[in-house]
Amino acid sequence: MKILIIGGGMGGTILANNLARRLAAEIRSRKVQLTMLTASDKHMYQPGLLYLAFGRMTPDELYRDQASLLEPGIELQVDPVETFELDKNQVKTKGGKTHAYDILVIATGSRPVPEMIPGLAENAEQFYTEESALKMFRSLQAFQGGRVVIAMGVPHKCPMAPLEITFMLHDYFKDRGIRDKVQLHYTYPVGRVHSLENVAKWAQPEFDRLGITYETLFNMKEVDGKNKVVRSEEGTETKYDLLITIPVHKGMEVIEKNKLGQGGFIPTNKTKLTMEGHSNVYVIGDTTNIPISKAGSTAHYQAETLGENIAAIVKLGQPVREHDGKVFCFIECGKDRATYAMFNYTNPPDPKPPSRAIHWFKMAYNKLYWTSARGLL
Ligand SMILES: Cc1cc2nc3c(=O)[nH]c(=O)nc-3n(C[C@H](O)[C@H](O)[C@H](O)COP(=O)(O)OP(=O)(O)OC[C@H]3O[C@@H](n4cnc5c(N)ncnc54)[C@H](O)[C@@H]3O)c2cc1C
């Protein structure tokens with residue numbers, strides 16, 4: 001049986017390692033062939049970008065060689081897929097190879113698309129790539145005071161990043177002794193400060209306590225860099241001296257080009273994790289259109305369910321469990337306090353008051369991630 005995983009990020013890597021362990025005997029006896037096709041020989045720990053933007057991590061800490069993270073038994077090829085031929089159970093790569101499969105898993109992630117909002121890319125600081133996070137760090141260091149506006153598009157990966165960046169900016173300016181010269185203004189596209197109701201209920205008083213102003217129902221329409229104004233679809237506008245953004249995301253272009261899903265997000269059954277209409281094609285991580293947080297932990301828990309199910313298909317002829325939509329997100333509440341949100345399809349999150357202990361747990365996880373990617377945590 002040929003199992004083909006497309007994408008070597010959080011979801012693809014955890015799944016591949018999970019399967020390599022569960023199916024070690026079948027791989028050794030060549031009953032199963034497990035192949036990963038990915039776009040880069042490096043694996044990035046994307047949550048580290050948040051710290052990079054404040055000079056609290058360095059770029060080298062974000063990367064490992066992809067090959068070093070994979071269990072023996074996984075055939076890795078750094079050769080991105082260009083064409084999906086689902087009717088023929090095969091894909092074609094940039095390198096000109098054709099790979100047939102019995103089971104296909106798509107885990108190609110998502111990407112920010114700042115160019116969808118006129119003026120945004122040129123005028124706002126971002127932190128979702130290494131280059132932009134380093135640029136933001138330099139801009140923050142040079143900033144001496146004024147109005148900082150935080151604005152975002154939906155969907156975007158990491159649901160807690162808007163809150164985290166805002167709380168961390170508060171502490172950053174406080175540490176530099178210029179918090180009283182900085183007005184922090186947070187905007188959010190829906191009618192409360194976070195899409196998850198209980199997270200919004202918890203965060204709003206925190207904003208009030210820290211003197212952070214906010215405006216909800218603010219969907220960016222355009223950025224006027226000359227006059228330093230962001231305008232919203234709702235007809236309001238807000239002035240800025242420094243604009244920080246998390247742009248709206250799409251799935252990867254290859255998904256759109258192959259017409260697998262609108263905006264690059266693939267229609268996915270939320271409990272089976274199958275692509276709608278294709279019983280041997282699975283989708284995990286940011287690439288799905290499941291209305292749940294696009295987060296590494298979402299991809300991680302999906303990978304665990306899918307690992308168990310694909311191994312069961314090999315050994316028992318059918319999957320054994322349904323996915324419950326589990327997500328666990330830390331929420332950094334400044335430089336040294338954090339809380340977390342844990343939820344699934346049926347149970348909403350219930351964030352507790354932030355603590356130093358949870359912050360240090362998150363700092364430890366930033367190192368332990370590499371163990372987690374290997375599926376050992
Ligand atoms: C600043 C920031 C902070 C974050 N903080 C958190 C956090 O605290 N907690 C949390 O849970 N999540 C966090 N996330 C989100 C998390 O990183 C993503 O949700 C997660 O990486 C998604 O996993 P994935 O496997 O779907 O995609 P990715 O990890 O993005 O992997 C996609 C993979 O697909 C490959 N690929 C792309 N195109 C092709 C192709 N054509 N063919 C083959 N392979 C291809 C890529 O090379 C890559 O290996 C954060 C993200 C950012 C940017």
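Before going on, a word on what you are looking at. This is a predicted model, in which local features need pLDDT of at least 70 and side-chain atom pairs count only at pLDDT 80 or more, while totals for chains, interfaces and linings use all residues. Residues are numbered from 1 along each chain as its sequence is written, and side-chain values use heavy atoms, with hydrogens and water left out.

**Backbone atoms at the ligand**

| Residue | Distance to a ligand oxygen atom |
|---|---|
| G9 | 3.1 Å |
| M10 | 3.0 Å |
| S297 | 3.0 Å |

Where the domains touch, 17 residues of domain 1 and 20 residues of domain 2 take part in the contact, meaning heavy atoms within 4.5 Å.

How much area is buried between domain 1 and domain 2? The answer is about 1500 Å², with carbon and sulfur atoms giving 73%. Buried area here is the accessible area (1.4 Å probe) that two parts lose on being put together, summed over both. In domain 1, L50, A53 and F54 lose the most area to domain 2, together 40% of what that side buries.

No salt bridges are counted between domain 1 and domain 2. A salt bridge is a side-chain nitrogen of Lys or Arg within 4 Å of a carboxyl oxygen of Asp or Glu. On the side of domain 1 that touches domain 2, helix α3 (residues 49–52) gives the most, with four residues. Helices (H or I, at least four residues) and strands (E, at least two) are DSSP runs, numbered from the N terminus.

**Elsewhere in the chain**

The whole structure holds 20 salt bridges. K367 makes one with E61, and their closest N and O atoms are 3.4 Å apart. This pair links distant parts of the chain, 306 residues apart: K367 sits in helix α10 (residues 356–373) and E61 in the loop between α3 and β4 (63–65).

V154 and P155 are joined by a cis peptide bond, with omega about 0°, and P155 lies in the loop between β11 (146–152) and α6 (161–175). R30 is not a glycine, yet it has a positive phi of about 65°; you will find R30 in the loop between α2 (24–28) and β2 (33–38).

Notes
A polar contact is a pair of N or O atoms within 3.5 Å; within protein, one must be able to donate a hydrogen and the other to accept it, and residues adjacent in sequence count only if both atoms are side-chain atoms.
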